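Good morning. Please have the sequence and the model open while I talk.

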Amino acid sequence: MFILGKLKMYLLLALVVGGVGFGLWKYYEYTQNQIRIYAENAAKAEMAQAETEAALQKTLKDLEQVQIQFEKVSKEFETAEKRVDSLEKKFADNDINYLANARPGLVEKIIDKASLDVLRCFEIESGSPLTEEEINVTEKSKANSICPDIANPNYVPIK
Amino acid sequence: MLILTTFLLSSCAQTPRQLEYTAKPIDRPDLILPKTEELEMRQVDWIIITPENAEEVFTSLKTSDQPISLFALNSDNYTTLSMNMAEILQLVSQQKAVIVAYEDYYIIVDKQVLEHNEELKNKEEDSGNALTNLFK
């Protein structure tokens, strides 16, 4: 009876120890799992941060390009507008009607050259390559009177 | 007999193959467009007629043996025509500048996108290795 009672106690003790051991093992497993998840999350968060940073840098670079292209195009728009303004000023400064009456031959030559020049401007804008002669022009008398900025790259107008 | 059948049946079973799927962007095909034609403009000769030189001009025109008709503009209309031409040229130049800017922008940006993706790929590979190393 006494032996049976002791055996029961040992069995109970073994069950308790086993239960505690199992609980500890489960707890250990649980914490290890948690640590693994946290470590994975931290690594993923780091990766996401790096990706976001890279995307931001990329957007900044794109914006830089947008700014560069905008400035470049604005400058070209300005040059194109100046051509129109310059022609308008030429007409405003010279009474073409009076000049044509006084020197029809001379005005005829001038407007023939201007017509040729404007047509050449269209040709150049359509992709026609510049001639050697056009490239080497440095004097106003030989420069294109309408679009020297595109027809004569070596001609610098005196302001 | 039962055990033998079980063994025979279980030997037919196999672990299903794990499918792997990765989405990959398809490269955008290059835009191929016909080239615009280079202009070859025809020369225009102007004739200025004033009350003083009208007779002389008409006499000279008569020598060409062709019926004479002139399409005339007074100085104001000539100025208008010239300004219109100048403005058309301005528009052509602006359009050209815009097209060149688009072209430049997309070429540069495409290059940057490729570099960026390459960089990302390298980073992902690095962090993948780091993760693997963490649990070694």
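I start with a definition: a residue is buried under 20% relative accessible area, exposed over 50%, and partly exposed in between, using a 1.4 Å probe and protein chains only. This is a predicted model, in which local features need pLDDT of at least 70, side-chain atom pairs count only at pLDDT 80 or more, and totals for chains, interfaces and linings use all residues. Residues are numbered from 1 along each chain as its sequence is written, chains are lettered from A and ligands numbered from 1 in the order in which they are written, and side-chain values use heavy atoms, with hydrogens and water left out.

With that rule, A:Val137 counts as buried, at 8% relative accessibility. A:Val137 sits in the loop between helix H4 (132-136) and helix H5 (148-151) of chain A. Which residues does A:Val137 contact, leaving aside its neighbours within four places in sequence? They are A:Lys142, A:Ala143, A:Asn152, A:Asn154 and A:Tyr155, where contact means heavy atoms within 4.5 Å. From A:Val137 to A:Pro148 there are 11 residues in sequence and 9.5 Å in space, C-alpha to C-alpha.

Next, the helix H1 of chain A. H1(A) has 92 residues, and from its first C-alpha to its last it reaches 133 Å. That is close to the 136 Å expected at 1.5 Å a residue, the expected span being 1.5 Å times one less than the number of residues. Several residues of H1(A) are buried, including A:Ala54, A:Lys58, A:Asp62, A:Val84, A:Leu87 and A:Phe91.

Now chain B. Its secondary structure comes to 3 helices and 0 strands, and from the N terminus on the elements run α-α-α. Of the 136 residues of chain B, 18% count as buried.

How do the two chains meet? In terms of contacts, 50 residues of chain A touch 49 residues of chain B. About 4400 Å² is buried between chain A and chain B, and carbon and sulfur atoms give 70% of that. Buried area is the accessible area (1.4 Å probe) that two parts lose on being put together, summed over both. How many salt bridges does the rule find across the interface of chain A and chain B? It finds 2, a salt bridge being a side-chain nitrogen of Lys or Arg within 4 Å of a carboxyl oxygen of Asp or Glu. The side chains of A:Lys72 and B:Asp104 meet in a salt bridge at 2.8 Å, N to O. On the chain A side, H1, helix H2 (96-102) and helix H3 (104-125) each supply at least two residues that touch chain B. H1(A) gives the most to that side, with 26 residues.

One residue of chain B to look at here is B:Thr50, in the loop between helix H1 (2-12) and helix H2 (54-62) of chain B. B:Thr50 is buried, with a relative accessible area of 5%. Not counting residues up to four places away in sequence, B:Thr50 touches A:Ala100, A:Asn101 and A:Pro104.

On to the aromatic rings. Rings of Phe, Tyr and Trp (its six-membered ring) pair if their centres lie within 6.5 Å; planes under 30 degrees apart count as stacked, over 60 as edge-to-face and the rest as tilted. Over all chains the structure holds 5 aromatic pairs. One of them is A:Phe91 with B:Tyr78, which is edge-to-face, 6.1 Å centre to centre and with 80 degrees between the planes. A:Phe91 lies in helix H1 (residues 2-93) of chain A and B:Tyr78 in helix H3 (residues 75-134) of chain B, so this pair joins two chains. Both are buried: A:Phe91 has a relative accessible area of 18% and B:Tyr78 one of 9%.

B:Tyr102 and B:Tyr106 form a stacked pair, 6.3 Å centre to centre with 5 degrees between the planes. They are 4 residues apart in helix H3 of chain B, which is about one helical turn. An α-helix has 3.6 residues a turn, so residues three or four places apart point the same way. B:Tyr102 is exposed at 52%, and B:Tyr106 is partly exposed at 42%.

Ring pairs also link A:Phe91, B:Trp46 and B:Tyr78 into a cluster.
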